[in-house]
Amino acid sequence: MKIKKNTGEEVFIETSSIDEFKANFGGQLFTESDTNYNEVRQLWNGMHDKKPALIAQCSGAADVIASVNFARENNVLTSIRGGGHNVAGSASNDGGLMIDLSLMKGIRVDMDKKTVHAQGGATLGDLDRETQVFGMVAPAGVVSTTGIAGLTLGGGLGWLRKKYGLSIDNLVSVDIVTADGKLLTASEKQNTELFWAVRGGGGNFGVVTSFEYKIYPVGPVVSLCAPFYPAEEADKILPVWKDFMESSPDEVSSNAMFWTIPSVPDFPEELHGRRIFNIVAVHCGPVEEGEKYLEPLRKISTPLIDLSMPIPWLMLQKMFDPFFPKTEQLYYFKSTYLNDIDEKSIEQIMPKAVNPPQPMILIAIWHNNGAMSRIEDDDTAFTGRQSKFLFSVDAIWNGHENTQEVVTYANDFLRELREFSPGGLYVNFAGLGEEGEDLVKSAYGKNYDRLVKIKRKYDPQNLFRMNQNIKP
Ligand SMILES: Cc1cc2nc3c(=O)[nH]c(=O)nc-3n(C[C@H](O)[C@H](O)[C@H](O)COP(=O)(O)OP(=O)(O)OC[C@H]3O[C@@H](n4cnc5c(N)ncnc54)[C@H](O)[C@@H]3O)c2cc1C
């Protein structure tokens, strides 16, 4: 069988090596000749059509170890798939091995310890579903189909970031198969440097088979504030939102977004295609308190429509899912941190945010503060905690012929905002990672050198390179 090596060359691997791998494998191995191959290889972003020579769909940690050993011994180009959501498409590759964790979705809540163990192929929806059985939540992101693995290893921003911090701030331990094929536990007590690195350092250090998170009582119902204002009024509304958020308690996390109302029955027909400015704020405390507290955000101007309501946590977490369908659309998310939202930055943001080249381009401004900012940048590999805002161009469009225009728009937009940024970006919103090492250095800032040292220890041959790669 032909397979691509880490060096880029294609080589033949003896059938006996594949047979040996297969004999030791509990899950399923797929090659192009298998009927389900095309289904199994699909990533969420329709931009990518990668064809790995071999897909190792693992059933547990033993399969992951077998896959890592096979990859290392044969020096095979290797990628890791958790939820398959990353816009860069780094979960897959052309011609190499994809270690696929999508069957590994086991989750167990421990109410004595107030933690949850979740396997590396679980999605946010899987995690919420199991923890909500106990009225609990592990802080993660805002779209339920996203994989917990990639999201957590890059940081993990969601509706509880001000109250409980990022996903990594709630990690108790990980089980991880490193490049030498060993299954290690990393925590504050064991393999502590590795534990520091996986909290933000992405998939650079091994395959995480299981995550253990702290959980908190949240829901079953929380308060959602979601007024949709005309996009052209955003310059008046943004300063009010900013002041409100800066004085709000940790219970409130919020994003401000430019978006276009899609032509779907959930929205009144007369608003279909209307560019809007949407405040989404979530209060995770008692509902009556939340409703009352968030009310001023609904009255900054006259909303075109207001979807504010008390909402079950599980429904909130799925609210955006329909607008991010798998494979049907093309996606490019790219970000930068902003020092402030002031008159000058708003003036710079408005024209491009109000008039994007493709209607479904979403511009998101994440207000970051509270618990996530009370942790120092060098306490975990993740940096950017002290920046009050994360600005992200979440481009969604149809038709490969429009890709160049959209990518250019996103990058021009971020370049124009450079003077308002302390530098850095969120690795989970890194576009296609086109800037390579420069992007990674910018994302990790002063933590970069420490990450390189840890990479040298755990993956000296850079087996895990299909990611925002920290070179050993
Ligand atoms: C619609 C949408 C909504 C999003 N919302 C949020 C949000 O609310 N908050 C937020 O913080 N981010 C969000 N993201 C970004 C998201 O965190 C990243 O795309 C993340 O990489 C997705 O994880 P995944 O497991 O699905 O990715 P995959 O594509 O499967 O993997 C991405 C990379 O992660 C690494 N990886 C995956 N699994 C493992 C593993 N088990 N062990 C080691 N490495 C692994 C690999 O390097 C892989 O290349 C969103 C993305 C999308 C597309």
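Which residue just after H3 takes a positive phi? The answer, Asn 75 with a phi of about 55°, is placed in context below.

1. Basis of the note. This is a predicted model, in which local features need pLDDT of at least 70, side-chain atom pairs count only at pLDDT 80 or more, and totals for chains, interfaces and linings use all residues. Residues are numbered from 1 along each chain as its sequence is written.

2. The open sheet. Four strands form an open sheet in the order E3-E4-E6-E5, with mixed pairing; strands (E, at least two residues) and helices (H or I, at least four) are DSSP runs numbered from the N terminus, and two strands pair if DSSP finds at least two bridges between them. The edges are taken by E3 (28-30) and E5 (78-81); each has a single partner strand, so one side of each is left without a neighbour in the sheet. From one strand to the next, the twist averages 20°.

3. E3 and strand E4 (residues 54-57) run antiparallel and are joined by 3 bridges. Within this pair, Leu 29 stands opposite Ala 56 in E4.

4. Helix H3 and its placement. H3 (residues 61-73) lies across E4, E5 and strand E6 (97-100), and runs at about 165° to E6. Such angles run from 0 to 180 degrees between N-to-C directions, with axes fitted as lines to C-alpha atoms, for helices over the stretch in contact; contact requires C-beta atoms, placed from the backbone, to lie within 7 Å. The 13 residues of H3 should span 18 Å at 1.5 Å a residue, and the end C-alpha atoms are 18 Å apart, which agrees; the expected span is 1.5 Å times one less than the number of residues. Asn 75, with its positive phi of about 55°, comes just after H3.

5. Burial of H3. The buried residues of H3 are Asp 63, Val 64, Ala 66, Ser 67, Val 68, Phe 70 and Ala 71, a residue being buried if 20 or more other C-beta atoms lie within 10 Å of its own, exposed if 12 or fewer, and partly exposed in between, with C-beta atoms placed from the backbone. Their cover includes helix H1 (15-23), E4, E5, E6, strand E10 (171-177) and strand E12 (207-214).

6. Strand E22. In E22 (residues 389-397), 9 of the 9 residues are buried, so this strand is largely enclosed by the rest of the structure. Both faces are covered, with Phe 389 and Trp 397 among the buried residues on one side and Leu 390 and Asp 394 among those on the other.

7. Partners of E22. Strand E20 (residues 330-338) runs antiparallel to E22 and is joined to it by 9 bridges; Thr 336 stands opposite Phe 391. Strand E21 (residues 362-367) is also antiparallel to E22, through 6 bridges, and His 367 has Phe 389 as its bridge partner.

Notes:
Two residues are in contact if their C-beta atoms, placed from the backbone, lie within 7 Å.
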